[in-house]
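I opened the notebook to go through this structure piece by piece. My entries follow in the order in which I looked things up.

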Amino acid sequence: MGLVRAEIVLKNPSRPKARATTVEMLVDSGAVHLCIPEKLRARLKLEVLDRKTVTLADGSSREVPYAGPVEVRFKNRVGFAGALVMGDEPLLGAIPMEDMDLVIIPGERRLDVNPANPVLAGSIVKGAAAGDVAGGCFCGGVRYRFSGGMMWHGVCHCSVCRRFSGGAGGAWFGVLSAGVAVSGGAAFYGYKADSGNDIRRGVCGKCCAPVYNLNSMMPDVHIIAAGSLDEPGRFSPRLRIYCGGAPSWALPAGEDGLRRFEGMPQPEGGRKGVPERWQK
Ligand SMILES: [Zn+2]
Ligand SMILES: [Zn+2]
């Protein structure tokens with residue numbers, strides 16, 4: 001994902017007279033907790049409440065102090081969290097991000113309040129809000145939700161989708177990135193497509209299930225793997241593309257109501273590079 005940094009205000013709520021501290025933090029939705037260096041814990045006079053065992057990126061584990069409570073503020077959002085005391089750099093993980101309903105805007109690599117809930121933080125505790133669609137990977141490590149419509153639905157039998165799925169291909173729909181909130185650690189594999197576009201295939205960093213792709217041809221769109229939907233029936237594909245090179249076992253034997261194309265349907269005007277039939 002590249003590094004995203006943001007100015008976060010931290011405060012010790014149990015000391016009402018203590019000053020708030022603005023800290024530049026690394027934002028990493030792949031990390032779980034708020035993490036702060038010992039120096040910052042001491043400055044905020046946070047009490048160490050417990051110890052937690054953390055697993056580091058290299059697979060090793062170690063015990064670190066757990067301190068709090070910490071009041072965390074960003075723009076119009078506030079949350080309360082416990083902090084792991086470790087490392088040299090403060091880090092904002094998925095728990096405080098979810099708590100404050102903050103998202104990383106992928107195209108711009110910055111932290112912001114969830115555009116779907118600009119005024120008040122939304123929460124999925126009570127289940128998805130009306131109109132919200134949710135999904136995620138196999139292990140639950142990566143979750144997403146979005147509001148707004150699906151822009152196009154299609155099944156792709158190209159050799160790349162076939163290789164990445166290990167099956168008949170990929171089933172995809174597009175959603176405007178501004179309405180998508182992702183939590184958890186998606187990992188990306190990037191490559192240049194024959195078209196010259198930069199593609200980034202996003203999978204869960206833990207279970208490796210495909211979740212969503214990003215394509216430089218449509219920088220403001222998340223291309224979501226339909227099989228990752230909690231309610232896969234919401235996906236209603238209308239076309240099959242790249243049927244030309246597909247092995248016979250990848251395509252249904254009979255008519256299935258999906259229009260078939262040998263390759264990528266040719267653009268017919270409209271949004272540059274996106275076939276008209278795929279636009280809605
Ligand atoms: Zn997973
Ligand atoms: Zn494909």
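**Entry 1: a proline in a strand.** I started at Pro69, which sits in strand 5. The peptide bond between Gly68 and Pro69 is cis. I read its omega as about -10°. This is a predicted model, so I kept in mind that local features need pLDDT of at least 70.

**Entry 2: confidence.** I checked the predictor's numbers next. Mean pLDDT for the protein is 85. I found that 88% of the residues reach 70 or more. Which stretches stay under 50? I noted residues 124–130 and residues 269–280. For residues 124–130 the model has 4 contacts beyond four places in sequence. For residues 269–280 it has 24 such contacts. Where pLDDT is low, predicted coordinates should not be read in detail. I left both stretches alone after that.

**Entry 3: inventory.** I counted elements from the assignment. The protein has 3 helices and 20 strands. Of its 280 residues, 33% count as buried. I also looked at contacts between residues at least 6 apart in sequence. Of these, 53% join residues at least 24 apart.

**Entry 4: strand 1 and its partners.** I traced strand 1, residues 4–11. Val4 stands opposite Val27 of strand 2. Strand 1 also pairs with strand 5, residues 61–74. That pairing is antiparallel too, over 3 bridges. Here I found Val9 opposite Arg73. Strand 5 is also where I had placed Pro69.

**Entry 5: the core.** I looked up the largest nonpolar core, which has 57 residues. Which members touch the most others? They are Ala83 and Val211. Domain 1 (4–113) and domain 2 (133–278) both give residues to this core, so it lies between them. In soluble globular proteins, nonpolar side chains tend to be buried together.

I then listed what Ala83 contacts, leaving aside neighbours within four places in sequence. The list holds His33, Leu34, Cys35 and Ile36, then Leu46, and then Ala67, Gly68 and Val70.

Entry 6: Strand 13 (residues 170–176) and strand 18 (residues 221–225) are antiparallel, with 5 bridges. Phe173 has Ile224 in strand 18 as its bridge partner.

Entry 7: I went on to an open sheet of 3 strands, in the order 10-11-14 with antiparallel pairing. Strand 10 and strand 14 (180–183) stand at the edges with a single partner strand each, so one side of each has no neighbour in the sheet. Neighbouring strands are turned by 15° against each other on average, direction ignored.

I checked the hairpin in this sheet as well. Strand 10 (residues 133–136) and strand 11 (residues 143–146) run antiparallel, joined by 4 bridges. Gly136 is bridged to Arg143 in strand 11. The hairpin has 6 residues between its strands, and Gly140 takes a positive phi near 85° there.

Entry 8: I looked at two residues here. Asp101 is not a glycine, yet its phi is positive, at about 60°. I found Asp101 in the loop between helix 2 (94–100) and strand 8 (102–105). Cys208 also has a positive phi, near 70°. Its loop lies between strand 16 (198–204) and strand 17 (210–215).

Buried, partly exposed or exposed: where does Asp101 fall? It has 19 C-beta neighbours inside 10 Å, so Asp101 counts as partly exposed. The cut-off for buried is 20 or more. Cys208 has 11 C-beta neighbours inside 10 Å, so Cys208 counts as exposed. The cut-off for exposed is 12 or fewer.

Definitions and conventions:
Residues numbered from 1 in each chain as written. Chains lettered and ligands numbered in written order. Predicted model: local features only at pLDDT ≥ 70, side-chain atom pairs only at ≥ 80, totals over all residues. Pairing = 2+ DSSP bridges. Helix = DSSP H or I, 4+ residues; strand = E, 2+ residues; numbered from the N terminus. Core = buried A, V, L, I, M, F, W, Y, C linked by C-beta atoms within 7 Å. Domains from an automatic or database assignment. Contact = placed C-beta atoms within 7 Å. pLDDT = per-residue confidence, 0-100. Axes fitted to C-alpha atoms, helices over the stretch in contact; angles between N-to-C directions.
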